[in-house]
Amino acid sequence: GESVSFIAVDLGASSGRVALGRLEGQPPQQRLSIEILHRFPNGGVPVRGGLYWDVLNIWREILHGLKLAAGRGEVASVGVNTWGVDYGLVDKRGELLGGVRHYRDSRTDGVLTRAFGLMPRADLYAHTGIQLLPINTAFQLLCESPTRLESAHKLLMTPDLFHFWLSGKAVCERTIASTSQMYDPRSREWSKSVLDALNLPANLLPEPVPAGTDLGPLTPEVSRLTNLSGTQVIAPAAHDTASAVAAVPAEGQDWAFVSSGTWTLVGLEVPEPVLTPAALAAELTNEAGANDQTLLMKNGMGLWLLQQCDLAWKLDYADLYAQAAQVEAGPLIDPEDARFAAPGADMPQRVQAYCLETQQTPPQTPAEITRCIVESLAQATAKALTVLEEVSGKHLNTVHIVGGGSQIALLNQRIADLSGKTVMAGPVEATLIGNLLIQAQTLGYLRRDELRGVVRRSETVQIFEPAALEAAHA
Ligand code: LFR
């Protein structure tokens, strides 16, 4: 039958993927099939005390993935999504100026004190509506080298940088702009108040454009390098979290989502930002979602803890989770404790030190440490759900978990048990799917109210009922 293809590039902190999506069938019964054509590792590169992303290597891997896609036939469009907050600077001729820093670079340690001296915390929150994390773009810019800023012509957030290299167009897509702490979610423009107070280079910021903006064709050079022709570049919801939420297979109104990867993002889709004192006190974030939605969320630690442990262990994940499920829950850590933020293979020791300092018996084996981490993440997620219910006044029945972490049955089950809500797990590839769906919508193949239906028809979810409820029903 008729079908149309799109390419999604999903860059995560630990890996990148290039996938081909095929939308098939007639509306309103369309389905999306995805095929991951290329996977490659990603991560921070330490240089002289700094931590950087290897954007040139990422670019080479993207070109490689596009070339593989070209071998499969015609492709309507391509879009890129990445983690939030990081950026590159380019000069007047479009040349990249120096490296692209990783948000875990330690130069922002302690920057919040300086920032709050320029604009009080409550005001920063009132203008931007996002959690005040030192990694946010505004605070990274306070630590920028003045020479670099002077030579810069444009600041491009990471997905925008790749869209610039693909299409030649320099824009800032709104969902990624909203992670910067320089964007006002009500006016949907850059916040003049924040830029002025922090003395940030407003002249470097491109106009914010909506998720689903057609940036025109691939440059002739990229076409030649990849053998793709007739392919448009479309800015999807360029923040990975926003793409993932666009692909949550939910129905009705009483659901929350958990985007579970290196980070854990627990949230609700709401029509307008929530900037109340209660939201500030709870440190909730209002980021931009696809289709003008607001994502009211708690941003927190995720599988990063296990990814770093794995640097030391190098074990099979499936075995490890199976063994961890046999261990009794015991000691707990606070996943947000600052000691866990930095990269390093000493993560198991950091977990043990935390337990010792808090008078708990430290976990010893990889299975015990994994159990401790999973339990701690499940508790943090359940707590975030309670806070979201309190702040929004909404009663939630279902929690949709998407992303890599949705494959961890133990984590899903513990979130169900601790929250008392039904967990629906999957799809694992929500970010790629959301990226593809927004492209399809932009080119007129889908209506905005059809996106979630396509995911429900195309993907399966796994259901986890809370243990207490199961007992009550028995
Ligand atoms: C997840 C994510 C989070 C953001 C963090 C840092 O990949 O995009 O939403 O808080 O990375 O940018």
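Valine 47 has glycine 50, in strand 5, as its bridge partner. Strands here are DSSP runs of E, at least two residues long, and helices are DSSP runs of H or I, at least four residues long, both numbered from the N terminus. Two strands count as paired if DSSP finds at least two bridges between them.

Some housekeeping. Residues are numbered from 1 along each chain as its sequence is written. The model is predicted, so to speak of a local feature I need pLDDT of at least 70, side-chain atom pairs count only at pLDDT 80 or more, and totals for chains, interfaces and linings use all residues.

Strand 4 and strand 5, the latter at residues 50-53, run antiparallel and are joined by four bridges. They belong to an open sheet of three strands, in the order 4-5-8, with antiparallel pairing. Strand 4 (44-47) and strand 8 (100-101) are at the edges with a single partner strand each, so one side of each has no neighbour in the sheet.

Strand 2, residues 15-24, pairs with strand 3, residues 31-41, in the antiparallel sense over ten bridges. Arginine 17 is opposite arginine 39 of strand 3. Six residues lie between the two strands of this hairpin, and glycine 25 there has a positive phi near 90°.

Now the record. UniProt, in an unreviewed entry, places "domain: Carbohydrate kinase FGGY N-terminal" at residues 7-245. UniProt positions are in the numbering used here, feature names are shortened, and annotations may be inferred rather than shown by experiment. Over residues 7-245 the chain is 32% helix and 28% strand, with the end C-alpha atoms 18 Å apart.

Next, the ligand. Which residues come nearest to it? Of the 13 around it, they are Trp83, Gly84, Val85, Thr241 and Trp263; a residue is near if its C-beta atom, placed from the backbone, lies within 6 Å. Helix 10 (240-246) and strand 17 (263-270) are the elements giving two or more residues to this shell. The shell divides into five nonpolar, seven polar and one charged. Nonpolar means Ala, Val, Leu, Ile, Met, Phe, Trp, Tyr, Cys and Pro; charged means Asp, Glu, Lys and Arg; the others, Gly among them, are polar.

Seven of its eight residues are buried, that is, with 20 or more other C-beta atoms within 10 Å of their own; 12 or fewer is exposed, in between is partly exposed, and C-beta atoms are placed from the backbone. Strand 17 pairs antiparallel with strand 16, residues 255-260, over four bridges, and a hairpin of two residues joins them. Valine 258 stands opposite valine 266 of strand 17. Strand 17 also runs antiparallel to strand 19, residues 294-301, with eight bridges; there leucine 268 has leucine 296 as its bridge partner.

Glutamine 326 lies between helix 13 (317-325) and helix 14 (347-357). Why is glutamine 326 counted as exposed? Because glutamine 326 has 9 C-beta neighbours inside 10 Å. Its C-alpha atom is 9.9 Å from that of leucine 410, 84 residues away along the chain.

Finally, the whole chain. The chain has 19 helices and 22 strands. Buried residues make up 49% of the 474 residues. The C-alpha trace spans about 60 × 60 × 45 Å along its principal axes.
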